[in-house]
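Colleague: Please show me the model, and I will ask about its details one by one.

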Amino acid sequence: MISNKMKSHVGAEGVIRRMFEAGIQMKAEFGAENVYDFSLGNPNVPAPDKIQESIKKIVDTLPPGKIHSYMPNAGFPEVRVEVAKHLNKIYGTLYSEKNIIMTAGAGSALNLLMKSMLDIDDEVVVPCPYFAEYKGYIENYYGKIVEAAPRADGSFLPDMDSVAAAVTPRTKAVIVNTPNNPTGVIYPESVIKELADVLRKKEEEVGHPIYLISDEPYRDIVFDESKYVSGSGADNEEIRHLPWMPDYYDDAIVAYSYSKSLSLPGERIGNIIIPDTCDGADELIGAVTTANLVTGVVNAPSLMQLVIARCLDEKSDVEFYRKNGEILYDIVTAAGFEAVKPQGAFYLWVKAPGGDDNKLVELAKKHHILMVPGSAFAGPGNVRLSYCVARDMIERSRQAFLDLGDEY
Ligand code: PLP
């Protein structure tokens, strides 16, 4: 018999799983080339060549004890030194290995942070819409997710009054995600500054730190960085970057993943950056490191840590995703739907006519198009299309979208 808690998670998972299963069935019935599957966020750009080369080199040259053994729970010190150096080069920061904890992807990073911060009934504020797993990550540690509404202007950026209203004395953290899954929206610097101002005021009011956890698996999948950059690196293509959250808020923590930026989701590798400016930084670093151990992760995969240290300058084919997003946006809007113009990540967020996302998903299935209802991301009235898919599938889906549009 499974726990009641787990039952609720299994139910929530159902939507995407049902879509996945519907896809398998449809492909068997109508032929894979006649099904347009936009349901999953599995990167289809291959990992950079240097990843394979590094794996081979490491396996061929390092002694087995070095590759396959336990290590400090935060990860290989020399890998963390390289990650810190890489970040310092880009963001002009002064991190050392101490500030970096290697993790089994961003999913694990967020779990370690929740495990370290939450007591029973502590609250975590999350602006809507959001990555569906956050609820599970928070509830794993008996915390409560508190949703904050997006702005009413259709930008899908967080509404600051709603964020402020969501904070209570039980609030331990706010999780934001930019570039965003499911909307493809990027927070401009002005929004980050507003958010930091709101949280600083709230910290004073509640009398304890409120950590701003920036979940950034898509940080390196940005289509027009010049729109967002400021300060150091703005003129230098090599180190151009989105605003770095800890530059704006002392209690900011970054969760990063190589799943999307280097197409390595199955390898489970990422990291957490806890700057010294964070309230109780040393204690938190110690707690997160121990959380790696007590949650049974123990440490991030050792081979992948060594690979990442050699591939920090590698990049995904962002242009491929940008072009996919542009083509899909044109197809969907030509079919009469309203959508958010893609800014980063690889998701198109489309308004469901009449506000019924489940109806749109069901009608789309009739035309062999698979998408995920926005309700699964606390964004009802919209649907998510993942465009980390083959270009020709997007092109082939054009007529199906036109036919779907005609149904409205
Ligand atoms: N956060 C967001 C917003 C995501 O979209 C994902 C994966 O899709 C994750 C976290 C988890 O990624 P990882 O594979 O690094 O655990």
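The questions and answers below go through this structure.

Modeller: This is a predicted model, in which local features need pLDDT of at least 70 and side-chain atom pairs count only at pLDDT 80 or more, while totals for chains, interfaces and linings use all residues. Residues are numbered from 1 along each chain as its sequence is written, and side-chain values use heavy atoms, with hydrogens and water left out.

Colleague: How many disulfides does a search of the whole structure find?

Modeller: A disulfide is a covalent bond between the sulfur atoms of two cysteines. Here the term stands for a pair of cysteine sulfur atoms within 2.5 Å. A search of the whole structure gives a count of zero.

Colleague: Is Cys-388 buried or exposed?

Modeller: Buried means under 20% relative accessible area, exposed means over 50%, and partly exposed lies in between, with a 1.4 Å probe and protein chains only. The relative accessible area of Cys-388 is 3%, so Cys-388 is buried.

Colleague: Which residue does a cis peptide bond join to Cys-128?

Modeller: Cys-128 is itself buried, at a relative accessible area of 10%. The cis bond has an omega of about -10 degrees, and its other partner is Pro-129.

Colleague: Is Asp-121 buried, partly exposed or exposed?

Modeller: Asp-121 is in the loop between helix H5 (105–117) and S3. Its phi is positive, about 70 degrees, although Asp-121 is not a glycine. The relative accessibility of Asp-121 is 35%, so it counts as partly exposed.

Colleague: How does the angle between H2 and H11 class the pair?

Modeller: Axes are lines fitted to C-alpha atoms, for helices over the stretch in contact, and angles run from 0 to 180 degrees between N-to-C directions. Helix H2 (residues 49–61) and helix H11 (residues 302–310) have axes 9 Å apart and an angle of about 125 degrees. Under 35 degrees counts as roughly parallel, over 145 as roughly antiparallel, 65 to 115 as roughly perpendicular and the rest as oblique. H2 is therefore classed relative to H11 as oblique.

Colleague: What is the class of the angle between H5 and H10?

Modeller: The axes of H5 and helix H10 (residues 281–294) come within 8 Å, and the crossing is at roughly 115 degrees. H5 is therefore, relative to H10, roughly perpendicular.

Colleague: Which residues in H10 does H5 meet?

Modeller: Contact means heavy atoms within 4.5 Å. On the H5 side are Leu-112, Leu-113, Lys-115, Ser-116 and Met-117, and in H10 they meet Leu-284, Ala-287, Val-288, Ala-291, Asn-292 and Val-294.

Colleague: Which residues does Val-167 contact, leaving aside neighbours within four places in sequence?

Modeller: Val-167 is in the loop between H7 and S5, and at 9% relative accessibility it counts as buried. Its C-alpha atom is separated by 7.3 Å from that of Lys-202, 35 residues apart along the chain. The contacts of Val-167, with those neighbours left aside, are Val-125, Lys-202, Val-206 and Ile-210.

How values were computed. Helix = DSSP H or I, 4+ residues; strand = E, 2+ residues; numbered from the N terminus.
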